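Dear colleague,

My notes on the charged side chains follow below it.

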Amino acid sequence: MKPTATFAQRLIAWQKNHGRHDLPWQVRDPYRVWLSEVMLQQTQVATVLPYYQRFLVRFPSLTDLARARQDELMPYWAGLGYYARARNLHKAAQLIAQRGFPTDQQGLMALPGIGRSTAAAIAVFCFEARAAICDGNVKRVLARHQACAEAVNTVQGERVWYSKAEALLPKQDLVAYTQGLMDLGATLCTRTRPRCSQCPVQSDCAAYASKRVAEFPVKQARLKIQTLDLHFALLRQDEKLALVTRPQTGIWAGLHCLPEYRQEHQQARVSYSHPVFQHRLTHRLLHIHVHEVAADRHSLDGPGMVFFPRAELHTLALPTPIKTFLQNLNLQ
């Protein structure tokens, strides 16, 4: 590789020789690329792979997804978190089924749940459009290479980083370049323990030269984590368990869950309160309380409450901590 090669040229050459080429979504099918990009938001590749494969077995085409009911896809998303992604995926699939798949970044961004970087990835990989991605991996690579102190998690920073990403776009080999940026951030220029000695752009990396790699990217301090107590009722009836569907907004929107522990439950006989356990969301720490309640009173029936046979529980989309709790009780 010539020492005078541009940033893009070095990255393209490295990707072709050392980048990732065996990921199942490295295809020209916009449905599969789109699905992977949505699943990969805030989620690691290793976590996404089994979900991606199971999802495609059940919904092998966009038409299959568009025709399904939303509650049919939720069990295939349960455990990935950020459930609004699944709901938006379903809404967008129905729109695409009617209108066709947009081929440019702006058209893709008009769909529910598709932001600027996701739209750019689909447009580049499937339609060879000229667009810049700027996800977390890309921002980290560019922040270190340029030793830029602009915070990557602010509105102002978003504008700055897209401007930088667009300025570096090459005139050709956009697919290899875009994949190279993603691969470099995911495999070498990682958040912790980066492997700078193997980096194709190390020779002019400002952070490496000044021994300040660990200082980048700069992030604005996050809001304080909110602690939230959630109380649920465990109501059993023979070999059945009471569940409700969560509201379409808020925590675990649209998933099946234990009913909330309400005032009328407090008036009933609580046979046992399980030890409190915790579950961490992005900005919240949940303290989860589960109370065993006698289920022989008709007054305990809440709106939308359904008693499901234990044998069916594994087919339902349950929040991860509730699913784990039930598994530990041998109820699922």
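Is Glu-72 buried, partly exposed or exposed? Glu-72 is partly exposed, with a relative accessible area of 24%, where buried means under 20% relative accessible area, exposed over 50% and partly exposed in between, computed with a 1.4 Å probe on protein chains only.

Please keep in mind that this is a predicted model, in which local features need pLDDT of at least 70 and side-chain atom pairs count only at pLDDT 80 or more, while totals for chains, interfaces and linings use all residues. Residues are numbered from 1 along each chain as its sequence is written, and side-chain values use heavy atoms, with hydrogens and water left out.

Side chains of opposite charge can pair when their charged atoms come close. A search of the whole structure gives 14 salt bridges, a salt bridge being a side-chain nitrogen of Lys or Arg within 4 Å of a carboxyl oxygen of Asp or Glu. One of them joins Glu-72 to Arg-69, with the closest N and O atoms 3.9 Å apart, and both residues belong to a network of salt bridges that also includes Arg-58 and Asp-71.

Another salt bridge is formed by the side chains of Lys-16 and Asp-173, at 3.2 Å from N to O. Lys-16 is partly exposed at 45% relative accessibility, and Asp-173 is likewise partly exposed, with a relative accessible area of 35%.

Finally, Glu-166 and Arg-116 meet through their side chains in a salt bridge of 2.8 Å, N to O. Glu-166 counts as partly exposed at 39% relative accessibility, and Arg-116 is partly exposed with a relative accessible area of 33%.
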